[in-house]
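Please read this briefing beside the sequence and the coordinates.

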Amino acid sequence: MGIFTATLSQTAFLFLFILLGYILAKGKFVPDNSQTVLSKLENCVFIPALVLGTFMGNFTVEKLSSAWGLLLGSLLLAVIATGVSLVCVRFCSKDQYERNIYTYGLCFSNFGFMGNAVVSALFPEVFLEYLIFTLPLWTMIYLWGVPVLLMGDSESKPGWKKRLKNFANPMFVCMLLGMVIGLLKIPVPEFISGAVSAAGSCMSPMAMLLTGMTIAQFDLGSILRIKGVYMVTALRLVVFPAVFLGIMALCPLPETFATCAICSLAMPLGLNTIIIPGALGKDTKVASGMAVVSHILACLTIPVVFMIFAWMRG
């Protein structure tokens, strides 16, 4: 029960920040553009700082040699999840746009904001490996998830050149910089490493505040009545992790890979399904329902999944 209690405590801690963000936005205690400001800070400062600090201090030749296994395993898992998702969404909705939203939610959990926060708190010893593990997922998001599923019917659908330009973002730049510093053991002044560490520490609470503010934009009564939301949430939070745990029982997997995989699979549905279609003027009602229901239920399902995982790993 130790891992259950620790995980429940951590998810409850994060949920308090989600609730605080919801109250701040719903009660108009913060300006209307706060969500935009926080999102830019997260993506341009706090997440890049966390990634940079992690790679600077932990990325070595030994880590590089073991990264290929994580990358290949993550890619294989992502391909399987995508195939299963494309079949499952046919039973969740008849509308193609809603199917695209559901497909994105099933293929890509909130492994970034929520996943980074949970893993850095509960499994700090594999946080670097987790960042490496998620690289194929980010690649699929930039090349297929966002441009095809979330922007597929938009006139602003980007071509391949623009898709590839998406990789020139602060997180990937800081990751590459951290790799170079870590591999070459380049000395970094203490005031710089301290600033990077302090900025990285802001990632988790800011991410949860942003989640709460995003959810606060919508009428809970209407979005909680969408049946497909509950089907997709059950698949994301219960079925996918349960299937992976079943595979673990039948086929021994490397501990680091298994930890990274279950952390990614157990996370709630992501927020891109709200942010990107909303910026294009599309309907975000279904996506909002997914975010609300999955993040609330994840506070219980994540501790249970991690407890079973810890029991299976002995």
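Buried is used here for a relative accessible area under 20%, exposed for one over 50%, and partly exposed for values in between, computed with a 1.4 Å probe on protein chains only. By that criterion 12 of the 16 residues of α7 are buried, so this helix is largely enclosed by the rest of the structure. The model is predicted, so local features need pLDDT of at least 70 and side-chain atom pairs count only at pLDDT 80 or more, whereas totals for chains, interfaces and linings use all residues. Residues are numbered from 1 along each chain as its sequence is written, and side-chain values use heavy atoms, with hydrogens and water left out.

**Helix span and bending**

- Helices are DSSP runs of H or I with at least four residues, and strands are runs of E with at least two, both numbered from the N terminus; the expected span of a helix is 1.5 Å times one less than its number of residues.
- Helix α7 covers residues 135-150, and although it has 16 residues its end C-alpha atoms are only 20 Å apart, short of the 22 Å that a straight helix would reach at 1.5 Å a residue.
- A bend of about 50 degrees occurs in α7 at isoleucine 141, where the bend at a residue is the angle between axes fitted to the seven residues ending there and the seven starting there.
- Helix α16 (residues 285-313) has 29 residues, which at 1.5 Å a residue should span 42 Å, and the 40 Å between its end C-alpha atoms agrees with that expectation.
- At alanine 298, α16 bends by about 45 degrees, and the helix is followed by glycine 314, whose phi is positive, near 80 degrees.

**Enclosed helices**

- In α5 the buried residues are Phe113, Met114, Gly115, Asn116, Ala117, Val118, Val119 and Leu122.

**Packing of α10 with α11**

- Helix α10 (residues 190-201) packs against helix α11 (residues 203-215) at an angle of about 30 degrees, with their axes 5 Å apart; axes are lines fitted to C-alpha atoms, for helices over the stretch in contact, and angles run from 0 to 180 degrees between N-to-C directions.
- That angle makes α10 roughly parallel to α11, since angles under 35 degrees count as roughly parallel, over 145 as roughly antiparallel, 65 to 115 as roughly perpendicular and the rest as oblique.
- Ala199, Gly200 and Ser201 of α10 make the contact with Met203, Ser204 and Pro205 of α11, contact meaning heavy atoms within 4.5 Å.
- By class, this contact of α10 with α11 has 3 nonpolar, 3 polar and no charged residues, where Ala, Val, Leu, Ile, Met, Phe, Trp, Tyr, Cys and Pro count as nonpolar, Asp, Glu, Lys and Arg as charged, and the others, Gly among them, as polar.

- Most residues other than glycine have a negative phi.
- Lysine 28, in the loop between α1 (2-26) and α2 (34-58), has a positive phi near 60 degrees, and it is exposed, with a relative accessible area of 61%.
- Lysine 185, in the loop between α9 (170-184) and α10, has a positive phi near 55 degrees, and at 63% relative accessibility it counts as exposed.

**Individual helix residues**

- Glutamate 129 is found in helix α6 (residues 127-133) and counts as buried at 9% relative accessibility; leaving aside residues up to four places away in sequence, glutamate 129 touches Lys63, Leu70, Thr256 and Cys260.
- Isoleucine 101, in helix α4 (residues 96-107), is buried with a relative accessible area of 2%, and, with residues up to four places away in sequence not counted, isoleucine 101 touches Leu150, Thr273, Pro277, Val286, Ala287 and Met290.
- Methionine 231, in helix α13 (residues 227-250), is partly exposed at a relative accessible area of 37%; methionine 231 and cysteine 88 are 143 residues apart in sequence and 9.3 Å apart in space, C-alpha to C-alpha.
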